[in-house]
Structures are given as C-alpha cells and as structure tokens.
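Work through the exercises below with the sequence and the model open. Try each task before you read its solution.

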Amino acid sequence: MKTYKSTIILIGLLTLFSLFFAACGSTPSGPNQVHMNDSNFTQDSITIKKGETITLVNDTMTAHIIENGTWDTNGNAKSGQEAGAPKVDYNVGGYANQSVGPFNTAGTFEIYCTIHPSMKFTIIVQ
Ligand SMILES: [Cu+2]
C-alpha cells in the first residue's frame, strides 16, 4: 500500500514537471521569433533590419543542429557562411530557444538544419 501511494505521488510530480516545461515552451521570449517543428521551420524566411537578431524557437522535443548553409534542390547539404553573416553553429535542444545574430550586414543569409533534409531558412537583412 505504501509503494502504491508513492507511485501515485511520483506520477503526480512527473505530470506537474511536464506541464511546467510545456508552459515554458509555449511562451518563448526574444525578438523576430522563428518557430521549428520536428522536421522543419514553420516559415521559409524572415525580413529584419540591420543589427537585429532572430530567435529560433523549438516547439517540439526534436533537437536541431542549425548552421550556416542550405539544402540544394537535389537534397544535398551545402555548408557555407556568406560574407557578412554571423557564425551560426547551434545545437537547439527540444523546446529550447536560440538567439542568432546580430545580422549587421544587409543581404540574404541562409541557415539550415544539418540533420533534417530540406530544413532551411532565409534571413533577409535590410
Ligand atoms: Cu532539424
């Protein structure tokens, strides 16, 4: 009977714990939020002003490795940092946020996820 009660309490605590983290994930902070699901960005691009940063918001438990570069139309990863682009090399864990930038040079910059084919994003800096 004692073990049974302990188990119920443990389950209760775990439920509270997961609700707490779900709440954290749904109320991210930071400018220019760009959301990610379990295999892609939820939008293709964003337009920002020079000097601004973007905030990657991971809405699922799937981690993403975000770097400078893109996926080409043949499904090949193309690593590369454009002139004027900030260095991007982040492992964004489940339900985590990651600030990227600042983007101090006007232009078009590509970032991509190295583990999810076709998961790519364009930052247009004006
Ligand atoms: Cu990914």
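Donors here are N, O and S atoms within 2.8 Å of the metal (3.2 Å for Na, K and Ca); water is not among the atoms, so sites may look incomplete. The model is predicted: local features need pLDDT of at least 70, side-chain atom pairs count only at pLDDT 80 or more, and totals for chains, interfaces and linings use all residues. Numbering starts from 1 along each chain as its sequence is written, and side-chain values use heavy atoms, with hydrogens and water left out.

**Exercise 1.** State which residues coordinate the copper ion, and how they are spaced in sequence.

*Solution.* Start with the atoms. H64 (ND1), C113 (SG) and H116 (ND1) coordinate the copper ion at 1.9 to 2.1 Å. Now read along the sequence: the spacing is H-x48-C-x2-H. H64 sits in strand β4 (residues 64-71) and H116 in the loop between β8 (107-113) and β9 (120-125), so this pair ties together parts 52 residues apart in sequence. Strands are DSSP runs (E, at least two residues), numbered from the N terminus.

**Exercise 2.** Decide whether H64 and H116 are buried or exposed.

*Solution.* Apply the cut-offs: buried is under 20% relative accessible area, exposed over 50%, partly exposed in between (1.4 Å probe, protein chains only). H64 has 0%, so H64 is buried. H116 has 16% and also counts as buried.

Conventions:
Helix = DSSP H or I, 4+ residues; strand = E, 2+ residues; numbered from the N terminus.
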